[in-house]
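Let's walk through this model together, starting where two chains meet and then moving inside each of them. Keep the structure in view as you read.

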Amino acid sequence: MSKPGILGQSEFLVLLAVLRLGRDAYGVPISREIAAQIGRDPAVAGIYTTLERLVERGLVTAKTGEPTAVRGGRAKTYFKVTAKGLRELRASQSALQRFWSGIPQLEGGSS
Amino acid sequence: MKPASPPRLAIWLLVHLSRSEHREAVLGDLLERFAEGETARWFWRQALSAFAVAVVRAIRRHGWSFAAALAVASLVLFAYNIASPGAQVDRWEERLMWSLYPFSSPPIVWRIAFTAIWFFRECCLGFAVAGWIAARICRGYPRLVVCTFAGFHVLSSMPWMIELVKELTTNRRYLEGLVWYSGYTFVSTLAILLAGFWSARHISGNERQQNAN
C-alpha cells in the first residue's frame with residue numbers, strides 16, 4: 001500500500017465540508033460550507049473538479065440522487081468520504097501539525 | 001430587479017462546452033442557487049469559471065490536439081491572408097465586368113453581388129475554414145477549442161479597436177473605421193463559431209452512429 005501524501009488546500013476544504021455535512025453533502029451545501037469557512041464564494045465547477053479527483057483517488061464516493069424541479073430536472077450528486085479518505089485526512093493533519101510545531105514565531109499568538 | 005430565468009447563453013455554455021461527468025450536477029446546483037436568490041451576474045461568473053475549468057481540463061487531457069488545433073487554425077488564417085485570394089477575385093471581377101459592360105457601368109444587381117462576394121471573402125471564408133479545421137483536429141473537445149480560438153481572435157483584435165477608440169476622441173473621421181472594424185470582428189468571429197460548431201455537430205453525430213453500431 002502506498003504511503004499517503006499531504007492533501008492540497010482545495011482537497012482539505014472539500015473533504016472537511018463533505019464530512020461536516022454528512023448525508024446532505026452535495027454541490028450546493030458543500031459550496032456554502034466552504035464559503036462560510038473561507039469567506040468568499042468558490043467556483044462550483046472548481047469544487048466538482050476537486051471532487052472528481054478525490055473520487056478517482058478513492059477518497060470519496062459519489063452517488064446520484066433524484067432530479068428535482070428547482071434544479072431544472074437535474075439530479076443531485078451526493079458525496080461521502082471513504083475510510084481511505086479519513087485515513088488520508090488524519091495523516092495530512094498530523095503531518096502538518098508536526099511541521100507546524102517548534103516554530104517560535106507561530107507560537108503564543110504574538111508577532 | 002433579478003430576472004425570472006437564468007441567462008440562456010450561460011446555460012448553453014455549461015451544457016455544450018463542458019465534458020465533465022458532473023456537468024448535469026454543476027448545472028443543477030447553479031440553477032438551484034439561482035432559484036434561491038443568486039443574481040444573473042453570479043450565474044455568469046460561475047458559468048465563465050466552469051468554462052475556464054473546462055479549458056484547463058481539455059488542455060490536461062487532450063493537450064497536444066488542443067494546442068495543435070489552435071496552432072493549425074492560426075496558420076490557416078495566416079496563410080489565407082498571405083495568399084490573399086482577394087486580389088485574384090478582383091481581377092476576375094474586373095475582366096467579367098469589362099466583357100459584359102465595356103462602355104457602361106454595371107447594373108446595381110451586379111454591384112451588390114460582387115460586394116457580397118467581397119464581404120464573404122474578407123470576413124468569412126478564411127475564418128470559417130480555420131474554425132472548421134480546429135474542431136476537426138481536437139475531436140475530444142471540438143466546441144471548446146472553437147470557442148477558445150474565437151476568443152483569441154476577439155482578443156487579438158482588441159489592441160487595434162482600442163487604438164481606434166483613442167483616435168476617435170481627437171478625430172471623428174475614425175468613426176467609420178471603428179464601425180467597419182467592429183463589424184468585421186463580429187462577422188469573422190461568427191464565421192469561426194458557426195463553421196466550427198457545424199463541424200463539431202458532424203463529429204458528435206458520427207460518434208453517436210459509431211456507438212450505436
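The contact, with heavy atoms within 4.5 Å as the cut-off, draws 24 residues from chain A and 24 residues from chain B. Before going further, please note that this is a predicted model, in which local features need pLDDT of at least 70 and side-chain atom pairs count only at pLDDT 80 or more, while totals for chains, interfaces and linings use all residues. Residues are numbered from 1 along each chain as its sequence is written, chains are lettered from A and ligands numbered from 1 in the order in which they are written, and side-chain values use heavy atoms, with hydrogens and water left out.

Chain A and chain B bury about 1900 Å² between them, 51% of it on carbon and sulfur atoms; buried area here is the accessible area (1.4 Å probe) that two parts lose on being put together, summed over both.

Charge pairing comes next. Across this interface there are 6 salt bridges, each a side-chain nitrogen of Lys or Arg within 4 Å of a carboxyl oxygen of Asp or Glu. One of the salt bridges joins Asp41(A) to Arg33(B), at 3.5 Å from N to O. On the side of chain A that touches chain B, α2 (27–38), α3 (44–56) and β2 (75–81) each supply at least two residues; helices (H or I, at least four residues) and strands (E, at least two) are DSSP runs, numbered from the N terminus. The largest share, 7 residues, comes from α3(A).

Glu11(A) lies in helix α1 (residues 9–21) of chain A and Arg53(A) in helix α3 of chain A, so the pair ties together parts that are 42 residues apart in sequence. Over all chains, the structure holds 11 salt bridges.

Now turn to chain B, where helix α3 (residues 40–83) packs against helix α6 (residues 142–170) at an angle of about 65°, with their axes 8 Å apart. Axes are lines fitted to C-alpha atoms, for helices over the stretch in contact, and angles run from 0 to 180 degrees between N-to-C directions. Among the residues that meet here are Phe51(B), Phe66(B) and Leu77(B) in α3(B), and Leu144(B), Phe149(B) and Phe152(B) in α6(B).
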